[in-house]
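Please view the sequence and the model first; the notes then follow by topic.

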Amino acid sequence: QLTPSSFLRIGQMSNVDLNEDIHELETELPRQHPNEIPHNEKLLSLKYESLDYDNSENQLFLEEERRINHAAFRTVEIKRWVICAMIGILTGLVACFIDIVVENLAGLKYRVVKGNIDKFTEKGGLSFSLLLWATLNASVVMVGSVIVAFIEPVAAGSGIPQIKCYLNGVKIPHVVRLKTLVIKVCGVILSVVGGLAVGKEGPMIHSGAVIAAGISQGRSTSLKRDFKIFEYFRRDTEKRDFVSAGAAAGVSAAFGAPVGGVLFSLEEGASFWNQFLTWRIFFASMISTFTLNSVLSVYHGNAWDLSSPGLINFGRFDTEKMGYTIQEIPIFIFMGVVGGILGALFNALNYWLTMFRIRYIHRPCLQVVEAMLVAAVTATVGFVMIYCSRDCQPIQGSTVAYPLQLFCDDGEYNSMATAFFNTPEKSVVNLFHDPPGSYNPMTLGMFTLMYFFLACWTYGLTVSAGVFIPSLLIGAAWGRLFGISLSYLTKGSIWADPGKYALMGAAAQLGGIVRMTLSLTVIMMEATGNVTYGFPIMLVLMTAKIVGDYFVEGLYDMHIQLQSVPFLHWEAPVTSHSLTAREVMSTPVTCLRRIERVGTVVDILSDTSSNHNGFPVVESNPDATQVAGLRGLILRSQLIVLLKHKVFVERANLSLVQRRLKLKDFRDAYPRFPPIQSIHVSQDERECMIDLSEFMNPSPYTVPQEASLPRVFKLFRALGLRHLVVVDNRNEVVGMVTRKDLARYRLGKEGLEELSLAQT
């Protein structure tokens, strides 16, 4: 167990005071709740299971596949396309719902506060307006935080790390449930309306994934309804492919970028890929953008004008006014470096903050209080900045939604208010497109500084919210500042249009925080509707990624690591050739015989100390001449279904006479197999025998114990396995390689390091 001192290696000074405060608190409080949860980043949690991406090719499966003729396979293929279309339509509708509700609620809030501020500016007493604004924000965020903290904690954050883990093959509890979707959508509406420094784009990806997982199963376990459709897809292999389509549909609904969605799914999400999948995912993304577009254009009253493809629309950049020249390329690369450094700073700050949260703010009530505090502080900071700013711009020809006059002359508005007194999406578009001279450099500098810390503090709160838009906003603000100072330096020569630099700054900042390259380039190109900027955006993102990776890893990978998830990267650590399967594998292995006593099976499954999920099946031979070689592999879930249906006989030599189990029985139990404690086996039944030959997978993947770690890793990762049996040269089982054994090895600062496993 680690003391906090090992985590605050850097802030040694602050560390001392922290510890003393904690000890004083501990003596006063009765010890029912731990004040501090010791958390260490060098752990892998044992609570995460793998998904079975690999089909179990037992006799039942083979018989069913042989029965299916060509026409039936064609109907399955058609069903896949239908599901992808439905995923697209529903994701688009959910995005519309979020957008319309946020627009109306936020508009209502800003109108109320604006009326209040205008009233009090004349007769004094503006502190009441501040109170009103802060109270409105805190109360809205309180509701949003309570539903997340008390009902479904998985819905917190943007959900991209969780979906990334799910597509990598880690089963994160509750991540694709209907309840999570409802809480996610409500939570994101409330947190954006509550004025937090968050965007509604990240959660769309999670929502799309939940929708996909729900539709493809043809039933809802939360609502206890089974629609008896799509039963063929009730297994992890199929479900996971649809989830990657859902994530892509979410991206394309959020940014109006169908190609970007497919590439996002490929780059950040899916660990497995094939050509058919690409085409289906693209189809789902296109449908989702189209649905969002048509519904929103009907809602805005121009039914035939499909002009809003995504939740955020950066507006069109004109190529004539906004070309770039060769000599600007070094400037763009420099912006990329700045973005990488700022992104690394953001991630480092957020890392320490998250460590602090995991240790001390782990009770739901504390989490809600923290969220309300952040909401109130955000409102206060915004108000103080608007109040202190003397940057007035003429209202003529400007496109401000809620112009605040405050202390400006008639016919002018406060330009700091356009940045703070608005949803972040609108502020980004303003920074991109407002004509040169709309912003004072002082205003932009102060705004960047404040918003950077607010966004960093907000990410990781117990509310559903994304980090995409705040990072774009920070980047657009400093990028515009950069552009303005360039035109100062070059005495106002024409090529420094601030909007163009705002776009590059936004790309640099977002790339420096999340470290996506390919998909982000395409998303920015599609969202701005401009291909000419493809090359500079790519350069900026590459530079930001290289510079940022030199300091810390990306935000999503960092959060995955902080949650101790056994995540498998594309390659084994580079220096790991010295390790062999014998050193990596888990031993001893619990094996079952091909014909086994029911009592033995029940005892093995009920043993809490070893909650294995896969058991090698060995030859059950009484004489010592033969070797007990490996015959197959059977999963815990299959054994539970067998026990539940009581598939066993009195003595070993009787043939099976009862009703044959079908694959349907296994599919109906998926995904929530009953725990072994709920299955009652009487004393007489414990003496029966159970024959595993037709249920086990007779051809499991095996490796010899001399295989090197990179080789084992490649096999495991490329096939998406859950269990890899290690055998010796006589085909006897000597060990088992699971995800945890491979994820344990990681490249640290000093070279290869091994993480410890913990039951957290």
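An open sheet of 3 strands, with mixed pairing, has the order β8-β10-β11. This is a predicted model, in which local features need pLDDT of at least 70 and side-chain atom pairs count only at pLDDT 80 or more, while totals for chains, interfaces and linings use all residues. Residues are numbered from 1 along each chain as its sequence is written, and side-chain values use heavy atoms, with hydrogens and water left out.

**The sheet**

- The edge strands, each pairing on one side only, are β8 (592-593) and β11 (630-635); two strands pair if DSSP finds at least two bridges between them.
- Strands (E, at least two residues) and helices (H or I, at least four) are DSSP runs, numbered from the N terminus.
- Strand β10 (residues 614-618) pairs with β11 in the antiparallel sense over 5 bridges.
- Val618 has Leu630 of β11 as its bridge partner.

**A helix across the sheet**

- Helix α24 (residues 636-644) lies across β8, β10 and β11, and runs at about 75 degrees to β11.
- Axes are lines fitted to C-alpha atoms, for helices over the stretch in contact (heavy atoms within 4.5 Å), and angles run from 0 to 180 degrees between N-to-C directions.

**Helices α8 and α9**

- The axes of helix α8 (residues 202-217) and helix α9 (residues 236-255) cross at roughly 140 degrees and come within 7 Å.
- The contact involves residues including Met204, Ile205 and Gly208 of α8 and Lys239, Phe242 and Val243 of α9.
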